[in-house]
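Biologist: I would like to go through this model at the level of folds, core and metal site. Please take my questions one at a time.

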Amino acid sequence: MGSVTHRITATREDGEVFQVSYGYGRYRRRYVTCDHCEWREQITWGGAAAKALDHLAGTHGASGAQNMSADRATMNQTLVIMIVCFAVAALLLVIAVS
Ligand SMILES: [Zn+2]
């Protein structure tokens with residue numbers, strides 16, 4: 001599993017919270033992965049939250065308090081990687097020009 005960008009959660013009747021992670025796997029493919037069982041599905045376009053919530057409701061019986069939130073730690077990490085890539089590209093450009 002690569003970087004997780006979002007976490008989708010739903011609450012079961014007894015109050016237990018179930019979570020599905022959404023993010024990028026290898027080759028920048030998008031995946032939703034269940035934190036509680038082996039379920040994993042590749043997302044080709046849209047519908048990640050709907051598929052995740054379907055799984056949480058259907059398999060784990062969790063259909064209350066549905067929520068999707070961005071993973072801030074990963075967002076910050078992605079930003080740092082982007083800045084580093086940009087700096088390396090700029091450096092290579094300077095070397096190529098001089
Ligand atoms: Zn599951």
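Biologist: How many helices and strands does the protein chain have?

Modeller: This is a predicted model. Along the sequence, the elements of the protein chain follow the pattern β-β-β-β-α-β-α. Counted up, that is two helices and five strands.

Biologist: Is the protein chain compact or spread out?

Modeller: Along the principal axes, the C-alpha atoms fill a box of roughly 65 × 25 × 20 Å. For 98 residues the globule rule gives 13 Å, and the radius of gyration of the protein chain, 18 Å, is well over that, so the chain is more spread out than a compact globule.

Biologist: What percentage of the residues of the protein chain count as buried?

Modeller: A residue counts as buried when its relative accessible area is under 20%. The protein chain exposes about 6700 Å², with carbon and sulfur atoms supplying 60% of that area. Of its 98 residues, the buried ones make up 27%.

Biologist: Which element gives the most residues to the largest nonpolar core?

Modeller: The core has 14 residues, and Ile 8, Val 20, Tyr 22, Val 32 and Leu 56 have the most contacts inside it. Two or more residues each come from strand E1 (4–12), strand E2 (17–24), strand E3 (30–34) and helix H1 (48–60). The top contributor, with four residues, is H1.

Biologist: Beyond its neighbours within four places in sequence, which residues is Ile 8 in contact with?

Modeller: Ile 8 is among the residues with the most contacts inside the largest core. Leaving those sequence neighbours aside, its contacts are Phe 18, Gln 19, Val 20, Tyr 22, Ala 48, Ala 49, Ala 52, Leu 53, Leu 56, Asn 67 and Met 68.

Biologist: What is the geometry of the site of the zinc ion?

Modeller: The protein donors are Cys 34 (SG), Cys 37 (SG), His 55 (NE2) and His 60 (NE2), at 2.0 to 2.3 Å from the zinc ion. Their spacing along the chain is C-x2-C-x17-H-x4-H. The angles among the four donor atoms are 105 to 118°, and the site is tetrahedral.

Biologist: How many residues apart in sequence are the parts tied together by Cys 37 and His 60?

Modeller: Both residues are donors of the zinc ion. Cys 37 lies in the loop between E3 and strand E4 (40–43), whereas His 60 is in helix H1, so the pair ties together parts separated in sequence by 23 residues.

Biologist: Is His 60 buried or exposed?

Modeller: The cut-off for buried is under 20% relative accessible area. Cys 37, at 29%, is partly exposed. His 60 has a relative accessibility of 15%, so His 60 counts as buried.

Methods
Residues numbered from 1 in each chain as written. Predicted model: local features only at pLDDT ≥ 70, side-chain atom pairs only at ≥ 80, totals over all residues. Heavy atoms only, no water. Core = buried A, V, L, I, M, F, W, Y, C linked by side-chain atoms within 4.5 Å. Buried < 20%, exposed > 50% of the residue type's maximum accessible area, 1.4 Å probe, protein only. Contact = heavy atoms within 4.5 Å. Donors = N, O, S within 2.8 Å, 3.2 Å for Na, K, Ca; no water. Tetrahedral: all angles 85-135°; square planar, octahedral: opposite > 155°, others 65-115°. Rg over C-alpha atoms; globule rule 2.2 N^0.38 Å. Areas by Shrake-Rupley, 256 points an atom, 1.4 Å probe, with all protein chains shown as cover.
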